[in-house]
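Subject: Handover of a structure

Dear colleague,

Please find the structure below, followed by an account of what was found in it. I would be grateful if you could read the two side by side.

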Amino acid sequence: MTLLEIKDLTQLFSGLCAVSELNLSLGESELIGLIGPNGAGKTTVFNLASGFYQPTHGEIIFQGRNLAGLKPHQVSALGIARTFQNIRLWKEMSVLDNILVAQHFQLGYGLGGLFFRTPRYLKRERDIRHKALELLEIFKIDKFADEKPGNLPYGMQRKVEIVRALSSGPKLLLLDEPAAGLQSTDVTELITLIQWVYDQFNLSIWMIEHQMKVVMSLCSRIAVIDFGRLIASGTPSEIQNSPEVIKAYLGDDQL
Amino acid sequence: MKRFSVPILLVVLLTTLMGLAWFEVIDLYIQTIVLFMGINIITSTSLNLVNGNMGEFSCGHAGFIAVGAYVSSILSVALFTKSRAFGAPLLPPELAAYGFPLVLIIGGLAAALTGLLVALPSFRTRDDYLAIITIAANYIIISTIINIDTIGGARGFMGMKRVIFAMEKCAEIPWMILWVFIFMVISVIIIRRYMSSTYGKGVEAIRQDEVAAEIMSVNTNRIKLVTFMISSGLAGVAGGLYAHTVGYVNPKSFDLLKSTEALVMVYLGGMGSISGSIIAAVVFTLMLELLRPLQIIKWVAIPLLLIIIMQFRPEGIMGHRELSDIFPRLKKFYKFK
Amino acid sequence: MFDTLLQNILNALQWGSFYSLIALGYTLVYGVLRLINFAHGDIVMVGAYIAFFISSLLLGQYGMPAFLPGWAVLALTIPLTMALTSVVGVTLERIAYRPLRRKGANRLYVVITALMAGLILENGNLLVLGASRKKFPELIEKVVYKFGSTYVTNLKIGVILTAILSFIGLHFIITRTKVGMAMRAISYDKFAVPLMGIPIDTVIVFTFVLGSSMAGLAGILFALSYPILDPYMGMSIGWKAFIAAVVGGIGDIRGAFAGGFILGIIEISVVAVFPSSYRDLIAFSILLLILTIRPTGLFGVAQTTKI
Ligand SMILES: Nc1ncnc2c1ncn2[C@@H]1O[C@H](COP(=O)(O)OP(=O)(O)OP(=O)(O)O)[C@@H](O)[C@H]1O
Ligand SMILES: [Mg+2]
């Protein structure tokens, strides 16, 4: 079963072609990678997939549904969650509140219920809170629940961001350079974490990562883009030996 | 204990105030100051919702106050009193005491609708561009009122004192103290419940990182719409109360100077702090009255004082905290978050 | 018909000049500090009063022997007023804004401080000078030129030309001088500037000098055209000029210049067609519409959020 299908995806930024006629598909319960040199257009692909940009051309189909015209909050309600290259937690909210707000699409009460504190409202708030705390516990960060994210070490913030993305119960998790800025011991931990999430949560993961160690050890398949164009795709070992990829990373003159 | 401490305190406060007024221990002048405090609390807490919690910079709050003031005044005067503009009362004046809260609410709803004037542009723009839109909206509202002659135009509109007299026919109690108190409490409850719900936390998320909020499933446009409308609606209620306290409204009393006063209260109290806004409203109202004998010097002294205060507390009295964060013992008596 | 049209165009350009000069000050400070200097309108008022006192002094009002003809008085008043108004603007920055910035206060606290400073200027003026309005002396003889049946005063032409020349001068400073380029650099990137060898505070002071001297100039021109001065004269015109700056695209001096003229043109056209009490209503509705369609103003570029 394909979960996500990208067809002829093109994104222009006032002349600059950030993504160009990209075709790619992602199955259910797959863990694949997206790599490419700096400025290749990787983040832009994620931005398109999360509805932040509307593509200039082409379409993105998620679970048989075209994402065209949907706003990011609608896309996330459909089951695509993501993290950001530069951590974007809400810095002045507690870790717990960060997790709570990410469930906005499934609050299940209206303003009337909110103002009159109806039993349904109270129950839903309790449930949401309960679920968030449970999740924090699973990831062993419940002791930070009332802490502001800014007070946590960098690696921990990355982890909170992943938990926040997971809290909406996504079918597809997009990770944008989760290992960026981590020390090497933390990277090893992160690899275990992602593998564990993948095993436990019944979802697909698509990750952008510069550190080869991470992608090579996790992904069953890797797509490589350069200048917005797909230049190679295959298993980690195929990618490692592909002349196209080596050329893109090292430049022509190196060969 | 925790459940009842605040309601009991409020009831005691209200009965004391009404008793003092009824036995004429506090004269009309002091009563008016107390009323202004209550009204200013609604004004500041409601603006705080948009400026403090959502992080927009709305500078035209007085426009919404004006809409509420005019709509409720016109309604109450037309419904319950004989007036030159609208002739005989449409309803028996004895109903004034029951009809008044409804009239206030309608004024609030009208103001909430005007809130769309700034809520809709806020979808596409924020920061200082939105500040301008709110200033322009303030101008537009005032200018519209000036150009409607049936409601007095630039001359203003009066007759609301007669509504109070009509209420007093029903029972001889200090009605305005009752209404201001009730609506102040309701406003604060509405804002508090809103901001402590997960839904309302989306407002904070928008301030801190709007892009992340939208991508993490927060319907930012809808939240902005709702928040602006709650804020302007409550401002409208404050306007209705103000109009009936003073007994007379004039477009000029709702110009940018009035909006500035609202801004001052919010930032003096501390952005995003409900207790801060309440404290600031009380302090500011008192400051205005205590310095009244200084006459024109007052309008130099107050801004100067505020500048000095801000130099010492550049995050307002409370910062982004609530009273119960500063005095954790208070949590025994009431729950804030 | 044609004559009234021409007359209206001239009036629109005259008011546009006032708004533009004031909007330029707003936009300069905003570009560098991201601060809406809400006291700016009142700086214009201060400028008008400074011009009043200087010219009265030179005309022999306060015991000084009057030895200069009107045009020479004007020629002296303009630079002196601009200089003194700059001093007021810079003082404000030094004693009110800078300490707050240093403390890392939220920038909106600086904006509120600016609002308060404006109130102090207005009411302080009333307190010191009393409620009697001042009549600005007529420094140059009014010459009326007649084209067909359109009357044009030398003053009106002078105002419009001054505004245009100031803009050109300002544009030159911003694009060609080192400190001007530093100003632009700050508005792009706060950290790049020390590298250029100019301390940030110098650039900020220079910005306030430029902005306030424009305000002083606007004050003189306004007082010459509408010679009754009162302490609140800067308030409404200041707010409006700020709106003009934003409609142009705040932070860009071309935007401020164009925005000022657009506001002038809109206002005069509205008054030409509707009763004048509709001026604010319609003019602001139009501005609101412009901002709704182009949320970043005419010259403003949409900020791209990079994620
Ligand atoms: N909103 C935007 N407006 C204009 N250009 C953009 C925008 N977003 C990205 N770009 C440009 O598109 C290209 C691709 O950017 P993108 O962020 O997708 O690269 P990337 O592969 O994620 O690179 P990195 O490894 O550095 O994160 C870059 O040249 C970038 O400058
Ligand atoms: Mg990237």
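Is K140(A) buried or exposed? With a relative accessible area of 61%, K140(A) is exposed; here buried means under 20% relative accessible area, exposed over 50%, and partly exposed in between, with a 1.4 Å probe and protein chains only. K140(A) sits in the loop between helix 5 (119-138) and helix 6 (154-166) of chain A. Although K140(A) is not a glycine, its phi is positive, at about 55 degrees.

Before the remaining findings, two notes on conventions. This is a predicted model, in which local features need pLDDT of at least 70 and side-chain atom pairs count only at pLDDT 80 or more, while totals for chains, interfaces and linings use all residues. Residues are numbered from 1 along each chain as its sequence is written, chains are lettered from A and ligands numbered from 1 in the order in which they are written, and side-chain values use heavy atoms, with hydrogens and water left out.

Chain A

Chain A contains ten helices and ten strands, where helices (H or I, at least four residues) and strands (E, at least two) are DSSP runs numbered from the N terminus. Its radius of gyration is 19 Å, close to the 18 Å that the globule rule gives for 255 residues, so chain A is as compact as a globular protein of that length. The radius is taken over C-alpha atoms, and the rule is 2.2 Å times the number of residues to the power 0.38. Along the principal axes, the C-alpha atoms of chain A fill a box of roughly 70 × 40 × 35 Å.

Of the 255 residues in chain A, 53% are buried. Among the contacts in chain A with a separation of 6 or more, 67% join residues 24 or more positions apart; a contact means heavy atoms within 4.5 Å. Chain A exposes about 11500 Å², and carbon and sulfur atoms supply 51% of this area; accessible areas come from the Shrake-Rupley method with a 1.4 Å probe, and for residues only the protein chains shown count as cover. There are 25 positive and 27 negative side chains in chain A, with the centres of the two sets 8 Å apart. Lys and Arg count as positive and Asp and Glu as negative, whereas His and the chain ends are not counted; each charge is placed at NZ of Lys, CZ of Arg, CG of Asp or CD of Glu.

The magnesium site

T43(A), through OG1, and Q85(A), through OE1, coordinate the magnesium ion (ligand 2) at 1.9 to 2.2 Å. This pair links distant parts of the chain, 42 residues apart: T43(A) belongs to helix 1 (residues 42-49), and Q85(A) to the loop between strand 6 (80-82) and helix 3 (95-101) of chain A. Donors are N, O and S atoms within 2.8 Å of the metal (3.2 Å for Na, K and Ca), and water is not among the atoms, so sites may look incomplete. T43(A) is buried, with a relative accessible area of 13%, whereas Q85(A) is partly exposed, at 24%.

Other residues of chain A

D8(A), in strand 1 (residues 2-13), is a further residue other than glycine with a positive phi, near 45 degrees. D8(A) is partly exposed, with a relative accessible area of 43%. D186(A) lies in helix 7 (residues 184-200) and is partly exposed, at 26%. The C-alpha atoms of D186(A) and G155(A) are 6.7 Å apart in space, while the two residues are 31 residues apart in sequence.

Chains B and C

Chain B has 15 helices and two strands. Its radius of gyration is 20 Å, close to the 20 Å that the globule rule gives for 337 residues, so chain B is as compact as a globular protein of that length. Of those 337 residues, 62% count as buried. Chain B exposes about 13200 Å², with 72% supplied by carbon and sulfur atoms.

S58(B), in the loop between helix 2 (28-53) and helix 3 (61-80) of chain B, is buried at 3% relative accessibility. Leaving aside residues up to four places away in sequence, S58(B) touches L47(B), V50(B), N51(B), T134(B) and L263(B).

In chain C, S56(C) lies in helix 2 (residues 40-58) and is buried, with a relative accessible area of 4%. With residues up to four places away in sequence not counted, S56(C) touches Q61(C), Y62(C) and P137(C).

Yours sincerely
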